[in-house]
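Visitor: I'm new to this structure and would like a walk through it. Could we take it feature by feature?

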Amino acid sequence: SESRTKGPDQPASKDAMAKALDQKAAGPFTARIESLATKPAFRAQTTSNDPLAATAVYVTDVDFPADGEWRIAALVKDGSDLTGTLLPSAIVGQFEGIPRVGDHTPSIHTPTAQDVGGDLSKITTRIPPDTQNETDFFDALGKKPIVLLFATPQFCQSRVCGPVVDETEQLKEQYGDQVEFIHVEIYTDNDPNNDVLPQVRAFNLPSEPWLFVIDKQGKVTTAIEGAFGLTELEDAVKGVAGS
C-alpha cells in the first residue's frame, strides 16, 4: 500500500490517543492496483535478480485535513474473504523541508556521465547502468521539464528502487526529447556506510525513493515518496511534456 505523505512511526501521547479513539474512522478509500512492470528490455538485472523486488502497488489518494499522526488500516477483499492489517502511520507535516507540489526546488548540481569519464558505475548502482545522467539538473532547471528520481537500486531497503528506476528508464525512451530524466543515487560513492549525497540533503529527504516531476518553470507538479506505478508516472510526465 502506498500513501503520498509518510514518515517514521512515532508514538502518540496518551491524550491524543484517547481523543483519536473517540473519533469515527474515515473512509473507506478505494485503492487501485498500479503495476511496476516494464517491458523486458528495461528490466534491469538489479530488479530481475532480486526476489523481493516489488511488482505492484496499491494506490489511493487521501486528503488529510490536518497535520499530525494518522493511523491507517488496510482491508483486502479476495472473493468472500476479507482480511485487514495495520499500516505504518502517516505523519502529516513531519518533514516540512521537502519540496511540495507548487514549490520551487533547490538548484542542485547532479553528476553526469561526462563528470565521471563515462564510468557510469560511479553514479548509478543499476545493472546495467541507466541513461538518466546525461544532463546536470542545474542546467535543465527552468528551461525544460524534469523527472528527478532519488533512488538506489542496489541498496534500497523497501525493494522498490530498482523497479521505479526501470520505469523512468522506459519512459525516457518515449518522452526524453521533451522531458529531462535525471536519476540521483543516495549514498556518497555508492556506499551505504557513507553519508547520503549532498543532493539528498538539499531536498531534506528522510527516505528513498522519492520522485519529483517539475515543469518548465521549475515548479513541482508531482511529488511521490515510495513506489509508483508506470501508468501513474506516465500521467505525471504527460502533464509537463510539451509545456
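Guide: Let's begin with the names: helices (H or I, at least four residues) and strands (E, at least two) are DSSP runs, numbered from the N terminus. This is a predicted model, where local features need pLDDT of at least 70, side-chain atom pairs count only at pLDDT 80 or more, and totals for chains, interfaces and linings use all residues. Residues are numbered from 1 along each chain as its sequence is written, and side-chain values use heavy atoms, with hydrogens and water left out.

Visitor: What is the mean pLDDT of the protein?

Guide: pLDDT is the predictor's confidence in each residue, from 0 to 100. Here the mean is 90, and 91% of the residues reach 70 or more. Residues 1-11 stay under 50. For that stretch the model has 38 contacts beyond four places in sequence, a contact being heavy atoms within 4.5 Å.

Visitor: Where are the cis peptide bonds?

Guide: One joins Glu-208 and Pro-209, with omega about 0°. Pro-209 sits in the loop between α5 (198-202) and β7. Another joins Ile-127 and Pro-128, with omega about -5°, and Pro-128 belongs to the loop between β4 (81-92) and α3 (137-140).

Visitor: How do I read a sheet? What is the order of the strands in the open sheet of four?

Guide: Start with pairing: two strands pair if DSSP finds at least two bridges between them. The open sheet runs β6-β5-β7-β8, with mixed pairing. Its edge strands are β6 (180-184) and β8 (220-225), each of which pairs on one side only. Neighbouring strands are turned by 10° against each other on average, direction ignored. For such angles, axes are lines fitted to C-alpha atoms (for helices over the stretch in contact), and angles run from 0 to 180 degrees between N-to-C directions.

Visitor: What joins β7 to β5 and to β8?

Guide: Five bridges join β5 (residues 146-150) to β7 (residues 210-214), and the two run antiparallel. Ile-146 stands opposite Ile-214, while Phe-150 has Trp-210 as its bridge partner. On the β8 side there are five bridges as well, again antiparallel, and Leu-211 is partnered by Ile-224. β7 and β8 form a hairpin with five residues between them, and Gly-218 in the turn has a positive phi of about 90°.

Visitor: And which way do the side chains of β7 point?

Guide: In a regular strand the side chains alternate between the two faces of the sheet. In β7, Trp-210, Phe-212 and Ile-214 point one way, Leu-211 and Val-213 the other, and all are buried. With five of its five residues buried, β7 is therefore largely enclosed by the rest of the structure.

Visitor: Which helix packs on the sheet?

Guide: α4 does, touching β5 and β6, and its direction makes about 160° with that of β6. To judge a helix's length, take its expected span, 1.5 Å times one less than its number of residues. α4 (residues 161-175) has 15 residues and reaches 21 Å from first C-alpha to last, close to the 21 Å expected.

Guide: Thr-46 is found in helix α2 (residues 45-48), and it counts as buried because its relative accessibility is 15%. Leaving aside neighbours within four places in sequence, Thr-46 is in contact with Thr-125, Arg-126, Ile-127, Pro-153 and Gln-154. A polar atom of the Thr-46 side chain lies 2.7 Å from the backbone nitrogen of Ile-127. That Ile-127 is also a partner in the cis bond to Pro-128.

Conventions
Buried means under 20% relative accessible area, exposed over 50%, partly exposed in between (1.4 Å probe, protein chains only). A polar contact is a pair of N or O atoms within 3.5 Å; within protein, one must be able to donate a hydrogen and the other to accept it, and residues adjacent in sequence count only if both atoms are side-chain atoms.
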